[in-house]
Every structure is written in structure tokens, then in C-alpha cells.
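Open the model in a viewer and keep the sequence panel at hand. The stops below go from selection to selection.

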Amino acid sequence: MQCYSELTPPTAVTHSLCLPFISPQSNNLVVAKASLLQIFTTKSVSAELDKAQNAQLQSSRATEQYDSRVNDDEGLEASFLGGDSVLVRSDRSSYTKLVLVAEFPLAGTITGLARIGSKTTASGGEALLLAFKDAKLSMVEWDPEKYSINTTSIHFYEQEELQGSPWATPLSYHVNFLAADPGSRCAALKFGARSLAILQFKAPEEDIDMEDWDEELDGPRPVKELSTTLSNGTSSNEETPYSSSFVLRLPGLDPSLIHPVHLAFLHEYREPTFGIISSTTSPSLVLGRKDQLTYMVFTLDIQQEASTTILSVGGLPQDLFRVIALPAPVGGALLVGTNELIHIDQSGKSHGVGVNQFAKQATSFSLVDQSDLELRLEGCEIEVLSAENGEFLMVVNDGRLALVTFKVDGRIVSGLSLRLIAPEAGGTIIPTGVTTLSKLNKTCLFAGSEGADSLVLGWTRKQSQSGRRKSRLQDPSLELDMDDEDMEDLDDDDDLYGEDYVPAKQSAQSASAPGKTGEPVFRIHDRLVSIAPIRDFALGQANPSDKESTNQIGVTSDLSFVCTCGQGNAGSIAIINREIQPKVIGRFEFPEARGFWTMAAQKPIPKSLQGDKGAVSMGAEYETSAQYDRFMIVPKVDLDGYETSDVYVLTGAGFEALAGTEFEPAAGFTIEAGTMGNHMRIIQVLKTAVHCYDGDFGLTQIVPMLDEETGAEPRVDFASIADPFLLLVRDDASVFIAKIFKNLELEELEKEDSALTSTKWATGCLPATT
């Protein structure tokens, strides 16, 4: 029996992943908040459109000393060029914003996410593998027809025969984590004390065209296996994107894998290969043990359910807690410890760096001394910043940003170094530690946190004046230039030739001299608000001023839920109410109103301002993207029962009745109103007709409700607008479906499906598709 109620959904971000999920061309961010799964897409917004929100944010911090050149790679230059240059710069820059696609509450706490490339998904995108507490796996994909996720397989490993000895501790006592092969060939779930579940996926190479099979050249034709149901929700049917999973005992791979710490699948191997940190003895500072960890690399033979050891490096510090697989051209694995970073390449050669004074005391392993950094790496997160330049971004547990740089000579790593990012370059814009980092695009990443708001960070390259002049492409006739942000668009052509090939000379120069590419400067693009963790709470009653209390009557709750939340520098107070608490700026009586619709429509452009071919380049007054809803259509019923409709316009003094237009108040009662034709037409649905207006409420079209076959004039009971379609349900239980075309004419569509004409309709709604 459930005896509690959830006041607010989870807001603390625990895991995130970027992948093409809802379509092959999409760029989606999947965020896990304990038992809540959210799917986002990204949208680039001009800084000019975002300036209103930024102005409000800055006005709330008016008491702080703010320099407009902070985190501006052109700040020094703009200070000499004057204020006009700042305006031009803001028009060219953009921010990456998150747009929520869907969210789904799940029956369990998510402990891991992994992307799985599959050609059998309904959407054409990749699949998502979810790991839950108590050793459960679930693979989901996007269903474009249902606009929801669809579970394709469920795997659980809670059987008693998998728990080992009868006195083994429960699964909840152990840290279970998920790792996936970069080539989407398999995934591994470490659960319990020493168990590893391997889930194999169907590789694209297995889809062989049997029509071209030649038995003389290729041998006997393979026999298609019959579909049989196996345990763990798996199947041997070839149509499924996965095969049956199996469980390996880690000591069976190697007797030294008694106390596994962490593992990760590595890049650039023909077969699924993972690196694992483990020890034969339990780490303990009390006993004075140190350097007892071993890093081993295993190649899996999934068909034979066996493995081969290809690398082993012993004598590693005992405070190592994570393995991070690095992509080419760096390659290998980065081992993260409390006091050090150690890189081990594919041949077993190692390089390390100590980041505090305790590194020398905790290990005898050879490390480069950078103890002056005085960093603690517990709970840090690392993500790729620029793989070609050997740059990786680290966020330490207090929110400071650091840059991990690898020195690469061809394909050989000759060393690594760590340096903090200066505060003026955005090194302290994250107030506290993060739990996950996911790269969204070439110059943007997502930082999820359990103790503060999750942020979308963007970065640019800051260059010296001489370097900036050399990097620009100038057009002497137009006197225009292209700086680093424009040059990044030209780099997209490199994707046509792959990302694995990097000239050795070029890699060595870029990695050994990071200043040539410019220092990164970080800024915040977007945020997901979080009220976690809640430290304490109390119930209280707001005490507004006398003027505010008059306006807020009937729209505010009696009590508010006040919480202290956040951690570290992100500490704050959150006020939670059951309903939205609008701030009423004005109140007036409107007893005859029966509803209202607000809208923003594009104004008709005079012919004298149009270009040669109808192309128009106008200011914001002719663009709806930069406008708020200015018009309001209100249906009314007076004391005598007479039905009318009026249109109001928002002015500095409030709403005023709009006069001098072709809008007809006496036409009747408004059922529905909105915009169509990409905000080029205002639609007013009346009981007897549909009126179409331009942006100045000039009447352009009237669509009467007339049945040409019977001559009847049915009245509209319900309407739904979803540009470019219009749905009307009439009092004779029939439907009217219309579409607005490129000529901005609204025309009725033919009902080709007989169900549309034979069914008696009571209501209907058009979904807003993306």
C-alpha cells in the first residue's frame, strides 16, 4: 500500500547521455533524475533574442559589480571600439538552449545509461540501455507513432543461483555500474561482489544478404535458427537486436580479480575489450597497505563466453576509483584517483601526475609533481573538450574547472598535465561539484548536478591580437571578417573524411602547444533548476504589502512550503506552492467575458519595403519570433444574452479595444482563435463561419459552414488549431478538416477515409507535432 504522496518530481540530475534518440539526425540529451527520465533536444537561440532574460537576471544582481567584458573573448577589443561593436557582437553570438521533448517516471532508481547503436529501432535512431538498482537492465527505443518510449528488452539478475554463497550480502549493499562497448557490440553490468553480466547486441555486419550466397565460394548456407524464448527476457530470434545474456565470475577471468573497483570498455579494438581496476586484498588505510591495485585489459570472445588477458599493470595507487576510456588520438585509459591521474596506453606504458601533497605519501608510483594545484579529485567528472588537441575538461568536487592536456607524438602519449582555468575565463561558474558531464556539440556540454542547478556550458577560444589577425579571412571589397566562431563551421567538412585519421605532425604540434588553438573561455547558456538536496523545511504564510495583497486575492495560497536547499556555494531558499503563484500587475472587472485567446501575428509588409523577388529583410517589428502576444480576442455575452466578440491590443497603459480594423464584433461568439500559416494569418472560429485576418486584422477570407450536398448549415461546437490544420466538430456530429496552404488560403480537405464521414463525432483535438 502506498501511504505517501510525491510533492515535487525529482530535480537532482544523476546521469546524462547525448545520442540521436528520436531520429537519426537528432541530437538529444537524455537526463536521469533518480526515477525520472527526461529527453531534451537542443536549440540555438540568438543572443539578441535572449537579451530580455539576461537583462532580468542582471537586474536582480544590480548590487553586484558587473563587467560586460567578463567571459567575452572580444571584451578587450570591444573596450577600444566602443559600445556599438558590442551590439554587433551580440547579434552574431548564440546560446544553446534545452527543449524538453518528453519525460517518463520509471519504476526504479536509474544507476546507469548507455547508448546502443541499432538499425532495427522504429525511429531510426539509437537505443538506450538503462541500469537500475538490484541488477536490472532495460533497453528502450523511441516510438514515433506513440511519441513515447518503447521497452524492447528487460534483463534481471536477482536469481539466487547468481548470488554466490548463501551468506553473500544483498545486491543493494554493492555498487552496481554499467559499461557499454563503443562499437555497440555488447554491454556489461557489474553487480554483486564479483559478478559481470554480458549482454550481446546484434552487430550490423551480421545482416548478410543471403540472396548473393554462393555455396561453392562461401561454403554451406547457414541454417536460420528457430525463434526460442530464453531466460531473462531474451530471445534467439534474429529479428531482435540482442542475444541471450550470460554472467561471468570475475575471478574466473583472472584469479586476481577478487575486489573489482571499476571497469570501462576501451576504444580502437577489433573485439570488445575492457580495462578493469582490481585488487587481491581489500584496501585499508588502517593496515598501511598501498600500491596494491592492478589494471588489467581483457578481450571478450562473446561467442565462446571466454576472455583473453592482453595487458596487466600492477603497483598502482590504492586510491584509484575510476577508469575512463579515451578516444583517438590519445587512446588508452585514464585512471582517476583521489590524489593523482594516471594514463595507461594500449602497450601498457604509463604516465601520471600528482595533484596534491598527499600523492607522494599515498603511493610510490612514478608521478609528475603538480602538488601546487592542491586539488582533491573525489567525485570529479571528466569529459572530452577537444580529442584532436588532447584536451579534456575536468570539474572537481568544489565546482572549479580544470584542463587535462595530453602531449601526443603521433599516436604515442608522452605525458599529461593539469591546469586550472582562471576565474575570468569562467573557471568558477559552476558553484559546486557535478555528477555527470555530456558533450552536446563541438562547443557546448551539459553539466548535471545533485547539489545545484544543472548547467549548459559553452566555450569559445580566446586568442591574442596577433593570432586573431592571422586566423581571419578578409574580404577587401566588403571589409568583413571571420573569426574563430565562423571558422568552426568550416571544420564541419572534416567530418566527411572521418575523425580517426589525424596527421602525426599536426597532432604533436596541437597537443604540445595548446596556446595555438587559444585558451577556452566558458559561459552559461542554459540551466535546469534544481531544489536538491533539501536540508530543512518549514511551513509559512506570505506577508505581502497592502497594495499587493489587494491584487493577489484569490490567486495565492494561504501557506507556502519553504526549503533550504543546495550545497556549498549553491545554497539557496526555495518556496514551493501547490499552484502557480502569478504576480498580478493589474486587475479589472470583465463580467461579460466568457473566455479569451492571446496571439502574436506577423504584420503585413508593405510592397514598398519588399525586395526584388519578394525577399524581405526587416526589423523585429515584422518578425513574430521577437514579439510577445499583443492581441486578445474575447467572446462576450451581455445581460440580454446577445453574443459578440471583441479584439484588444496590449499597450503601455494596458489592454485597449482595437478599432479601425475589419474585425466584426457582431459576427458572433468565438469558439476558438489562433494563428496559422506560420503566424501570417489570424483564425477566428465562429459558430457559423471561420474568419481569416492578416496581422493588422484585415479580413482576407470567410469560410462558411455550408454542406453543399444537403444545403444544411451546421453550427460549430468545438474547434482545434494545429498549424497548418484546422479541425471543427459540428452540431450534426460531422467533422470539418481544413488546411492552410502556401498562398495563405484555408481550404477544406477531402475525407478520403470513410470513417471520417460515417462516424458520429462528439469532440476532437489535433496534436501539435514537431
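**First stop: a hairpin**

Select β38 and β39, which form a hairpin with 2 residues between them; strands here are DSSP runs of E with at least two residues, helices are runs of H or I with at least four residues, and both are numbered from the N terminus. The model is predicted, so local features need pLDDT of at least 70 and side-chain atom pairs count only at pLDDT 80 or more, while totals for chains, interfaces and linings use all residues. Residues are numbered from 1 along each chain as its sequence is written, and side-chain values use heavy atoms, with hydrogens and water left out.

β38 and β39 (residues 689-693) are antiparallel, with 4 bridges between them; strands pair if DSSP finds at least two bridges between them. Pick Q684 and look across to β39: its bridge partner there is H691.

**Along β38**

Now select residues 681-686, the whole of β38. Are they buried or exposed? Of the 6 residues, 6 are buried, so the strand is largely enclosed by the rest of the structure. Buried means under 20% relative accessible area, exposed over 50%, and partly exposed in between, with a 1.4 Å probe and protein chains only.

Show the side chains. In a regular strand they alternate between the two faces of the sheet. Here R681, I683 and V685 point one way, and I682, Q684 and L686 the other way.

**Back to β37**

M676 stands opposite R681. The hairpin of β37 and β38 has 4 residues between the strands, and G677 takes a positive phi near 65 degrees in it.

**A four-stranded sheet**

Move to the open sheet with the order β5-β6-β7-β8, whose pairing is antiparallel. Which strands stand at the edges? They are β5 (110-116) and β8 (148-156), each with a single partner strand, so one side of each has no neighbour in the sheet. Neighbouring strands of this sheet are turned by 25 degrees against each other on average, direction ignored; the axes are lines fitted to C-alpha atoms, and angles run from 0 to 180 degrees between N-to-C directions.

Within this sheet, select β6 (residues 127-132) and β7 (residues 136-143), which are joined by 5 bridges. A131 is opposite L137 in β7.

**Zoom out**

Show the whole chain: 11 helices and 44 strands. Of its 770 residues, 44% count as buried. Among contacts (heavy atoms within 4.5 Å) with a separation of 6 or more, 53% are between residues 24 or more positions apart.
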